[in-house]
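Biologist: I would like a close look at one part of this model. Please keep it brisk.

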Amino acid sequence: MRSILLAVCLVMMLPSTSNATSEDKITLLQRNGQQNEIPLLENRFRIDYKVDEITLLFFRKPGAPAVVLVKPDGSKYYATSARKDDNLQWFDELSYDLITIKQPMAGPWQVVGSILPKSRIVVLGEVELQVEPLPALLFRGETVKITGQILNDGQPINSGLFRDVVSLHVDFISTNNSDFANFGAGTHNVAEFKDDGRGFDERPKDGVFTGEFKLTFPAGQWRPELYIETPILKRTVVQDLIEVKEPPFSYSIALAEDDFQEHQLTITLDKQIVQPETVLIQGKIYYPNNEEQMFTLDANAGLTRELAIKNYDWGRYSVELSVFGTNVNGREFMATLPTYRFEIERPIEVVPELPAPIISEAEQREIERVAKEAESMATMTLIGLIVGGNLLILLLGWLAIRVFVQKKSLLPKIKLPFLQKKPAVENEPQSNEKKELDKNGSKSDRSGEILNLSMSDD
């Protein structure tokens with residue numbers, strides 16, 4: 001037979017007198033009709049030889065060091081011993097120690113540390129999680145209440161046993177059905193609850209987890225999973241598939257046609273999901289000038305609700321909506337709808353036209369004459385530009401033919417007389433003394449011929 005022991009360091013509200021009767025003793029758990037608790041007297045407890053595995057939970061003062069376990073033979077277990085012993089698991093947290101021992105030594109044990117007084121050792125049986133099923137009809141934005149309970153052998157644990165070490169987690173896992181909008185959305189952890197009487201939990205230490213969460217994830221098909229988890233155990237409840245629908249409300253806005261009218265927001269209800277006569281809407285309007293206005297729309301049998309919105313000219317308007325009512329399955333609901341926004345564009349200012357000046361006939365004739373002269377000048381200028389452009393094109397063409405086709409220089413050579421050099425006088429005889437070959441092959445000199453004309457000595 002295998003059993004599990006849980007040592008709980010928990011302050012018990014027992015009478016302060018030493019002669020307390022058996023009726024004054026608070027029974028934490030009952031199993032098979034018998035009391036299943038062992039008092040922790042002076043930090044001592046006894047383990048029976050039939051125990052195959054024991055789990056001890058010691059609550060101590062916050063910040064105090066981990067406890068020390070003394071075995072019947074005098075040897076000790078420390079928090080660091082778990083690294084060397086395969087039969088020992090030790091979770092040293094801020095305010096408690098969670099210890100699991102396989103094949104524990106039978107006999108009297110002792111715990112040394114700053115544990116809380118008047119503790120008990122409680123035998124736990126089959127621990128299970130019991131959770132109420134989620135509603136079948138849900139829509140995005142709705143607030144859902146959920147309740148879970150931890151049972152031991154089918155009986156609730158009412159001592160707050162797991163108050164500081166156990167939380168209830170709620171996950172929504174997408175089915176990845178391509179027919180729904182949440183395809184590929186993965187897993188959404190929507191809530192975590194504790195049995196501490198805070199938040200939406202109704203009563204502390206009653207073994208019942210109560211909380212609320214909002215369906216803020218995309219609409220579609222989901223698989224809810226709820227679980228409790230500690231370092232030594234995990235219990236999971238997988239519920240049936242549910243479909244989260246889009247909010248059963250649609251909007252249409254009729255903008256004011258002038259400054260004296262109001263904008264009209266029409267909210268249409270889907271009677272396939274909600275009962276119109278039970279729907280109450282309230283919320284707040286945010287105007288472009290930062291003004292805020294609360295409003296309430298009472299329930300009636302109609303499928304529409306009309307909300308008048310003041311016309312504060314151009315800008316952005318926002319409307320927050322909270323809805324209370326009953327769905328077609330008879331379940332009351334509370335939902336926060338997505339904020340509705342609309343915007344009025346800023347008008348374009350039109351500049352008024354100036355009146356035409358009064359002109360006399362003489363002034364009109366003068367204006368026409370000046371206009372004709374200006375038109376004539378513009379025509380002459382245009383003609384001049386055209387002629388000049390054509391001449392420029394011809395010049396560029398002629399230059400291109402001269403340079404690239406005729407291979408001539410860009411400009412013709414021009415000889416200017418005043419730029420030529422004059423020959424020197426003294427150099428003329430030398431330049432004229434060019435040697436010429438006579439008939440006899442000798443050289444003749446014209447200067448010599450002139451000298452030969454002179455008279456001889458005879």
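Which residue in S27 does Ile267 stand opposite?

Modeller: Ile267 stands opposite Arg305 in S27. Keep in mind that this is a predicted model.

Start with the two strands. Strand S24 covers residues 263–269. S24 pairs with S27 in the antiparallel sense, over six bridges. In general, strands of a sheet pair through backbone hydrogen bonds, either parallel or antiparallel.

Now widen the view. The sheet is open and has three strands, in the order S23-S24-S27. The pairing is antiparallel. Its edge strands are S23 (249–254) and S27 (304–309). Each of these edge strands pairs on one side only. From one strand to the next, the twist averages 20 degrees.

Next, the helix. H1 has 45 residues. Its residue range is 361–405. At 1.5 Å a residue, H1 should span 66 Å. The C-alpha atoms at its ends are 65 Å apart, so the length agrees with that expectation. After H1 comes Lys407, with a positive phi near 55 degrees.

Look at Leu391 within H1. Its relative accessible area is 54%. Exposed means over 50%, so Leu391 counts as exposed. Leu391 also belongs to a nonpolar patch on the surface.

Technical notes
Residues are numbered from 1 along each chain as its sequence is written. This is a predicted model: local features need pLDDT of at least 70, side-chain atom pairs count only at pLDDT 80 or more; totals for chains, interfaces and linings use all residues. Side-chain values use heavy atoms; hydrogens and water are left out. Patches are made of residues with over 30% relative accessible area and no salt bridge: like charges are joined within 9 Å, nonpolar side chains (Val, Leu, Ile, Met, Phe, Trp, Tyr) within 5 Å. Accessible areas come from the Shrake-Rupley method with a 1.4 Å probe; for residues, only the protein chains shown count as cover. A salt bridge is a side-chain nitrogen of Lys or Arg within 4 Å of a carboxyl oxygen of Asp or Glu. Helices (H or I, at least four residues) and strands (E, at least two) are DSSP runs, numbered from the N terminus. Buried means under 20% relative accessible area, exposed over 50%, partly exposed in between (1.4 Å probe, protein chains only). Two strands pair if DSSP finds at least two bridges between them. Axes are lines fitted to C-alpha atoms, for helices over the stretch in contact, and angles run from 0 to 180 degrees between N-to-C directions. The expected span of a helix is 1.5 Å times one less than its number of residues.
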